[in-house]
Amino acid sequence: MKKYLLVLALLLAGIASFAVIGGADHPTSTREPSAKEERREVREKRRAERLEKYEKLVDSLVLSRNWQFNPQTMQQLPAGSMRILSNPNFTVGIWDGTVDICLPYIKGFVPPYSLTILNYTVPSVDHYFAEQTAEGWSVSFETSLFSASTYTFTFEISSRIGGVTLTVTNPWYNTVQYTGTLSQLY
């Protein structure tokens, strides 16, 4: 009988302590964040810091005039088909006033169009202009590419998202637009 009373007393004590401890799970206004919530907040803060660091990197690259555009797609405007570019040699590099251009380009104003490669190193460009916008930067310049016409390169660089749109215009051909990324030129 004593064993039963002892077991019953321990059982009642366990139930009472469970009720007291279990009451601590109810939310209160002064509750500390849980470990899971704290990790989420730390992760969000770390991501925000990385995003801010990336924006500063893009800003410094554009201001230093030492960067490279890496195209991933190209399209002849106004309604040409989108082409995926997988050749890592296609780039536009800018450093010390020099522009190194290696891009596929679509020549022609009416069909049949001709695909060619713009492969030039230009020691200087005309009308280089970099302006900070709400999205990031707008950078443009003109060059003849050692020909009789003028090519205008206009980069729309998004500091926050990281995407770049390059538009190449020429008075003799349809506009060609590229999308890609920006990286540091080593």
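1. A word on terms before we start: a residue is called buried under 20% relative accessible area, exposed over 50%, and partly exposed in between, with a 1.4 Å probe and protein chains only. By that scale Arg160 is exposed, at 59% relative accessibility. Keep in mind that this is a predicted model, in which local features need pLDDT of at least 70 and side-chain atom pairs count only at pLDDT 80 or more, while totals for chains, interfaces and linings use all residues. Residues are numbered from 1 along each chain as its sequence is written, and side-chain values use heavy atoms, with hydrogens and water left out.

2. Arg160 sits in the loop between β8 (151–158) and β9 (163–170) and Glu55 in helix α2, so the pair ties together parts that are 105 residues apart in sequence. Glu55 is partly exposed, at 24%. Helices (H or I, at least four residues) and strands (E, at least two) are DSSP runs, numbered from the N terminus.

3. The structure holds four salt bridges, and Arg40, Glu41 and Glu44 are linked in a network of them. Arg40 pairs with Glu44, the closest N and O atoms being 3.1 Å apart, and with Glu41, where the corresponding distance is 3.9 Å. Arg40 and Glu44 are four residues apart in helix α2 (residues 35–64), so about one helical turn separates them.

4. Next, the strands. Strands β4 (residues 98–107) and β5 (residues 114–122) run antiparallel and are joined by nine bridges; two strands pair if DSSP finds at least two bridges between them. Val99 stands opposite Val122 in β5. The β4 and β5 hairpin has six residues between the strands, and Gly108 takes a positive phi near 115° there.

5. Which residues touch the most other members of the largest nonpolar core? They are Trp67, Ile101, Phe153, Phe155, Ile157, Leu166 and Tyr178, out of 32 residues. Strand β4 gives the most to this core, with five residues. Such a core is a set of buried Ala, Val, Leu, Ile, Met, Phe, Trp, Tyr and Cys residues joined through side-chain atoms within 4.5 Å. Beyond its neighbours within four places in sequence, Ile101 is in contact (heavy atoms within 4.5 Å) with residues including Leu118, Val122, Leu145 and Phe153.

6. The aromatic side chains deserve a look too. Rings of Phe, Tyr and Trp (its six-membered ring) pair if their centres lie within 6.5 Å; planes under 30 degrees apart count as stacked, over 60 as edge-to-face and the rest as tilted. The count comes to eight aromatic pairs. The ring centres of Tyr105 and Tyr151 are 5.7 Å apart with planes at 70°, so this pair is edge-to-face. Tyr105 is in strand β4 and Tyr151 in strand β8, 46 residues apart. Tyr105 is buried at 0%, and Tyr151 is buried at 5%. Trp67, Phe69, Tyr128, Phe141, Phe153 and Phe155 form one aromatic cluster.

7. Last, Asn174. This residue lies in strand β10 (residues 173–184) and is buried, at 13%. Among the residues that Asn174 touches are Tyr105 and Gly108.

How values were computed:
Salt bridge = Lys/Arg side-chain N within 4 Å of Asp/Glu carboxyl O.
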